[in-house]
Amino acid sequence: MSRAIPLPAFLPPAIASLVLFGAAAALLAPTPAHADELADLVNAYRAAPAGCDGRPAAPPLVPETALARVEVGTGTFLESALQRLGYRADRAEAISLTGPRDAPAAMAVLRQKYCVTLLDPGLAAIGTARRGDAWQVVLAHPLILPELPGWETAGAEILDGVNRARAQPRSCGTQSFAAAPPVVWNRRLGLAALAHSTNMAEGHYFSHQEKDGSEPADRATRAGYTWRTVGENIASGNRTPQEAVAAWLDSPGHCANIMNPNFTEMGAAYAINPENENRTPYWTQVFARPR
């Protein structure tokens, strides 16, 4: 009996990096700009931009209280600071200005120096704040997590992606594979995958070996599967079945499992710990050939 188990690939959710524009001085406990006048001016500019290398108009930004309340300073991880305020962003940027006496004067500086950021169609929300002649503008795009289907539906989508990959020759790192016959769904392997994903999600770990020492072949056996060969792929953080398959195909060891012609059956599943603030999915894919 043999087991084909690649090295694990930890695939965390993408996190946009912090970009701080303008002054680096901290704005401690900023107060929202009066009646969001500056935010209104920014939206008026997005509706009818002038200059800025001919950039087109952009949709209006939605005012968000958290973006106005966040404290931005040197070394601030903006997304983390926003998350502590209950706002989850997949991208956020901050602009700091010192000197303008009122919102129109601040807008004149923003339009002159930061028009590209102001007109970015990928940003959807805004919060503005000031303390004296210090101004802060935070723009963001909220993190929107797709709703995942039930684990068996997700597993079927993974199966479809795997079989489409196996239908054509492929290079997995330095290994070349011919097209392979499709694998078929096996619910026992799916249950083995579900058990491991659930263990990882609830136990806050990422490994082919469970905390009791069991490995993929042990889990297949526990699920009632009599195997000749077993292989397993795992991933964490991918938000859809398609993302998980794409990530595995980008990793030589996982790709080799997908293309292995010795495997004839497959099961797959994901699990999310509801207590996990980021609702991180843990994915497991089990390949096998029955004895």
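Visitor: At 1% relative accessibility, does Glu232 count as buried or exposed?

Guide: Glu232 has a relative accessibility of 1%. The model is predicted, with local features requiring pLDDT of at least 70 and side-chain atom pairs pLDDT 80 or more, while totals for chains, interfaces and linings use all residues. Residues are numbered from 1 along each chain as its sequence is written, and side-chain values use heavy atoms, without hydrogens and water. Because buried means under 20% relative accessible area, exposed over 50% and partly exposed in between (1.4 Å probe, protein chains only), Glu232 counts as buried.

Visitor: With which residue do the side chains meet in a salt bridge at Glu232?

Guide: A salt bridge is a side-chain nitrogen of Lys or Arg within 4 Å of a carboxyl oxygen of Asp or Glu. The side chain of Glu232 takes part in one, at 2.8 Å from N to O. The pair joins helix α8 to strand β11, so parts 13 residues apart in sequence are tied together. The partner is buried, at 3% relative accessibility, and this partner of Glu232 is Arg219.

Visitor: How many residues apart in helix α6 are Asp160 and Arg164?

Guide: Asp160 and Arg164 form a salt bridge, their closest N and O atoms being 3.0 Å apart. Asp160 is partly exposed at 43%, and Arg164 is exposed at 52%. An α-helix has 3.6 residues a turn, so residues three or four places apart point the same way. Asp160 and Arg164 are separated by about one helical turn, their spacing in residues being 4.

Visitor: How far does helix α7 reach from its first C-alpha to its last?

Guide: Helices (H or I, at least four residues) and strands (E, at least two) are DSSP runs, numbered from the N terminus. Helix α7 covers residues 187-203, 17 residues in total. The expected span is 1.5 Å times one less than the number of residues. The reach of α7 is close to that expectation, at 24 Å.

Visitor: Which residue caps the N-terminal end of α7?

Guide: A polar contact is a pair of N or O atoms within 3.5 Å; within protein, one must be able to donate a hydrogen and the other to accept it, and residues adjacent in sequence count only if both atoms are side-chain atoms. At this end of α7, a side-chain oxygen lies 2.9 Å from the backbone nitrogen of Arg188. The residue that supplies this oxygen is Asn186.
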